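Colleague: I have a model open and would like to learn how to read its features. Could you walk me through them?

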Amino acid sequence: MPTPRGELSMSWRQEKHFTLTLTLPAGMTAKIELPAQEGSSEVWVGGAPVKAHREGQWWTLEKDLSGTVTIEER
């Protein structure tokens with residue numbers, strides 16, 4: 001998807017866990033909200049747990065992300 005700062009791309013898959021891969025243009029950050037899957041209890045970015053809070057059917061990450069990241073809901 002084109003943006004004024006460059007190309008943004010995103011893909012996701014639902015297997016054992018929901019996984020989202022996001023690539024943002026240089027200099028761009030994003031606030032991430034994910035749909036909360038039934039039974040999920042945490043969110044991981046790049047293979048490490050991150051601070052996120054769950055409100056109803058959504059997870060919201062506490063820190064904005066940049067670059068290319070893989071986000072997994074467990």
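**Reading the core and the sheet**

Modeller: Happy to. The largest nonpolar core has 17 residues, and among these I32, L34, L65 and I71 touch the most other members. A nonpolar core here is a set of buried Ala, Val, Leu, Ile, Met, Phe, Trp, Tyr and Cys residues joined through side-chain atoms within 4.5 Å. Buried means under 20% relative accessible area, exposed over 50%, and partly exposed in between, with a 1.4 Å probe and protein chains only.

Colleague: Which strands supply this core?

Modeller: β4, β7, β10 (58–61) and β12 each give at least two residues. The largest share, three residues, comes from β4. Strands (E, at least two residues) are DSSP runs numbered from the N terminus.

Before we go on, this is a predicted model: local features need pLDDT of at least 70, side-chain atom pairs count only at pLDDT 80 or more, and totals for chains, interfaces and linings use all residues. Residues are numbered from 1 along each chain as its sequence is written, and side-chain values use heavy atoms, with hydrogens and water left out.

Colleague: What is L65 in contact with, leaving aside its neighbours within four places in sequence?

Modeller: Contact means heavy atoms within 4.5 Å. On that basis L65 meets L24, M28, T29, A30, I32, V45 and I71.

Colleague: How should I read the sheet?

Modeller: Strands of a sheet pair through backbone hydrogen bonds, either parallel or antiparallel. Two strands count as paired if DSSP finds at least two bridges between them. Here an open sheet of five strands runs in the order β3-β4-β12-β7-β8, with antiparallel pairing. β3 and β8 are the edge strands, each pairing on one side only.

Colleague: How many bridges join β4 to β12?

Modeller: Six, with β12 spanning residues 68–73; T23 has T68 as its bridge partner in β12. β3 (residues 9–14) and β4 (residues 18–23) also pair over six bridges, and S11 stands opposite T21. A hairpin of three residues joins β3 to β4.

Note on methods: Helix = DSSP H or I, 4+ residues; strand = E, 2+ residues; numbered from the N terminus.
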